[in-house]
Amino acid sequence: MANFSDFNIGVYLNGLFGTMPSFPLEYAGWEAAARTHLDDVLYDYVAGGAGDEATQDGNVHAFRRWGIAPRMLAGAAERDLSIELFGRRYPTPLFLAPIGVVGIMDVADGEAGHGDQEAARAAAATGVPAVMSTLMQDPMEDVAPELGETPGFFQLYTPNDRELAESFVRRAEAAGYAGIVVTLDTWSLGWRPRDLRHASMPQLQGKCLANYTSDPVFRSRLEKTPEEDPGAATLAWAMTFGNPGLSWDDLEWLRSLTELPLLLKGICHPDDVRRAKDGGVDGIYCSNHGGRQAASAPALDFLPDVVAAADGMPVLFDSGVRTGVDVVKALALGATAVGIGRPYGWGIAMGGAAGAQHVLQCLLAEADLTMGLNGYASIAELTRDILVRIP
């Protein structure tokens, strides 16, 4: 069985023939390389967080409070990083977290606008499933075929128009998406000083709204088509995007929209986990939106109690994951699958699908080596007992 760490050996072997890596090999390098391609507004939109960004930084630093206990002579020369999720076996425990502007981050070739498709191609090449945002630059129907045999999930920002929400879900089903992920923490924009400094955000410039402007329900609400009056369409999006009235009373309606697996994203409290489970959801997505929406404790600190309350139901996790070591720690704390956000976004900016695939290969190689060199041959062996709390 091949190990993901073979990528590591491949870099050294290529070096013998004078071939150096095309992209950096660590998070700081990915971000720096992406920065050279992105304008200030888009870079700050992706890199920035809520308020003083303490939550965003805390997400990252929380991983450093855990260490991994090495076990020797464990026979871990070959590793199995596969997981089972909703009845399907995946070769890795990673997934691509939704990024609402990835559609315009594929700027390395000078012609941005198909980054959602590039992300889907990276998913297809690696077998890492992708959660695709409502905020796409290309319609969801154009993105789905690029996933190939790798499942994609559709992330729903529930609009304040129920008929439009239902249309999005029906379209996702028809396009072949494997599940619906409802984001709960973005019914309003958070306090984001970086974006406020520019007094700008991509969607208010009419970008990444293809799922809206291609939707028959949304178009029916307009006096003129989006092609005839794009400004009016953008304004209509702004008036429709959030749903501040969404509550637990609406969970039955959300559940009724689809028979696909339904996950709630942004759940961080065990009581909310139990209410979600009682409401018939299929999975929990523990996340604080990468520290972009509101100040909170680090997302990793919520994970163990969320997993305990889920009581066997799948728990997806993101926020602050920067390395393969972080992936191993999140799995040991109970995550079923671990979401990669900004790292693969920087990969898209560096080099489209190839850049994102490179980032995923790096993370998988590091996670694989971390497990093997510490004596753990499978994800089943990654439990909280292998972690040591660092004061």
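Here is a friendly set of questions and answers about this predicted model.

User: Happy to get started! How many helices and strands does the protein chain have?
Analyst: Good place to begin, bearing in mind that this is a predicted model. The secondary structure of the protein chain comes to 16 helices and 12 strands.

User: What radius of gyration does the protein chain have, and what would a compact globule have?
Analyst: The C-alpha atoms fill a box of roughly 70 × 50 × 40 Å along the principal axes. For 391 residues, a compact globule would have a radius of gyration near 21 Å, and the value for the protein chain agrees with that, at 20 Å.

User: What share of the residues is buried, and how much of the contacts comes from residues 24 or more positions apart?
Analyst: Let's take burial and then contacts. Of the 391 residues, 58% count as buried. Among contacts with a separation of 6 or more, the share from residues 24 or more positions apart is 75%.

User: What is the accessible surface of the protein chain, and what part of it belongs to carbon and sulfur atoms?
Analyst: The accessible surface comes to about 16200 Å². The part that belongs to carbon and sulfur atoms is 53%.

User: How far apart are the mean positions of the positive and negative charges?
Analyst: The protein chain has 29 positive and 50 negative charges.

User: Which parts of the chain does the salt bridge of arginine 221 with aspartate 161 tie together, and how far apart are they in sequence?
Analyst: The closest N and O atoms of arginine 221 and aspartate 161 are 2.8 Å apart. Arginine 221 sits in the loop between helix H10 and helix H11, while aspartate 161 sits in the loop between strand E6 and helix H7, so the pair ties together parts whose separation in sequence is 60 residues.

User: Where does glutamate 163 lie, and how far in sequence is it from arginine 221?
Analyst: The side chains of glutamate 163 and arginine 221 meet in a salt bridge at 3.0 Å, N to O. Glutamate 163 is in helix H7 and arginine 221 in the loop between H10 and H11, so this pair ties together parts that are apart in sequence by 58 residues.

User: What about aspartate 250 and arginine 162: which parts do they tie together?
Analyst: Their side chains meet in a salt bridge of 2.6 Å, N to O. Aspartate 250 lies in the loop between H11 and helix H12 and arginine 162 lies in helix H7, so the pair ties together parts that are 88 residues apart in sequence. As for accessibility, aspartate 250 is buried at 12%, whereas arginine 162 is partly exposed at 40%.

User: Where is glutamine 203, and which residues does it touch?
Analyst: Glutamine 203 lies in the loop between helix H8 and helix H9. Its relative accessible area is 0%, so glutamine 203 is buried. Leaving aside residues up to four places away in sequence, glutamine 203 touches Tyr45, Gly100, Val101, Leu135, Cys208, Leu209, Thr234 and Trp237.

User: What is the phi of leucine 73, and is leucine 73 buried or exposed?
Analyst: Most residues other than glycine have a negative phi. Leucine 73, in the loop between strand E1 and strand E2, has a positive phi of about 50°. At 90% relative accessibility, leucine 73 counts as exposed.

User: And histidine 289: what is its phi, and is histidine 289 buried or exposed?
Analyst: Histidine 289 is in the loop between strand E9 and helix H14. Its phi is positive, near 65°. With a relative accessible area of 12%, histidine 289 is buried.

User: Which helices do the buried residues of H2 pack against?
Analyst: The buried residues of helix H2 are Tyr27, Gly29, Trp30, Glu31, Ala33 and Ala34. These residues pack against helix H3 and helix H16.

Key
Residues are numbered from 1 along each chain as its sequence is written. This is a predicted model: local features need pLDDT of at least 70, side-chain atom pairs count only at pLDDT 80 or more; totals for chains, interfaces and linings use all residues. Side-chain values use heavy atoms; hydrogens and water are left out. A salt bridge is a side-chain nitrogen of Lys or Arg within 4 Å of a carboxyl oxygen of Asp or Glu. Helices (H or I, at least four residues) and strands (E, at least two) are DSSP runs, numbered from the N terminus. Buried means under 20% relative accessible area, exposed over 50%, partly exposed in between (1.4 Å probe, protein chains only). The radius of gyration is taken over C-alpha atoms; the globule rule is 2.2 Å times the number of residues to the power 0.38. Contact means heavy atoms within 4.5 Å. Accessible areas come from the Shrake-Rupley method with a 1.4 Å probe; for residues, only the protein chains shown count as cover. Lys and Arg count as positive and Asp and Glu as negative; His and the chain ends are not counted. The place of a charge is taken as NZ of Lys, CZ of Arg, CG of Asp or CD of Glu.
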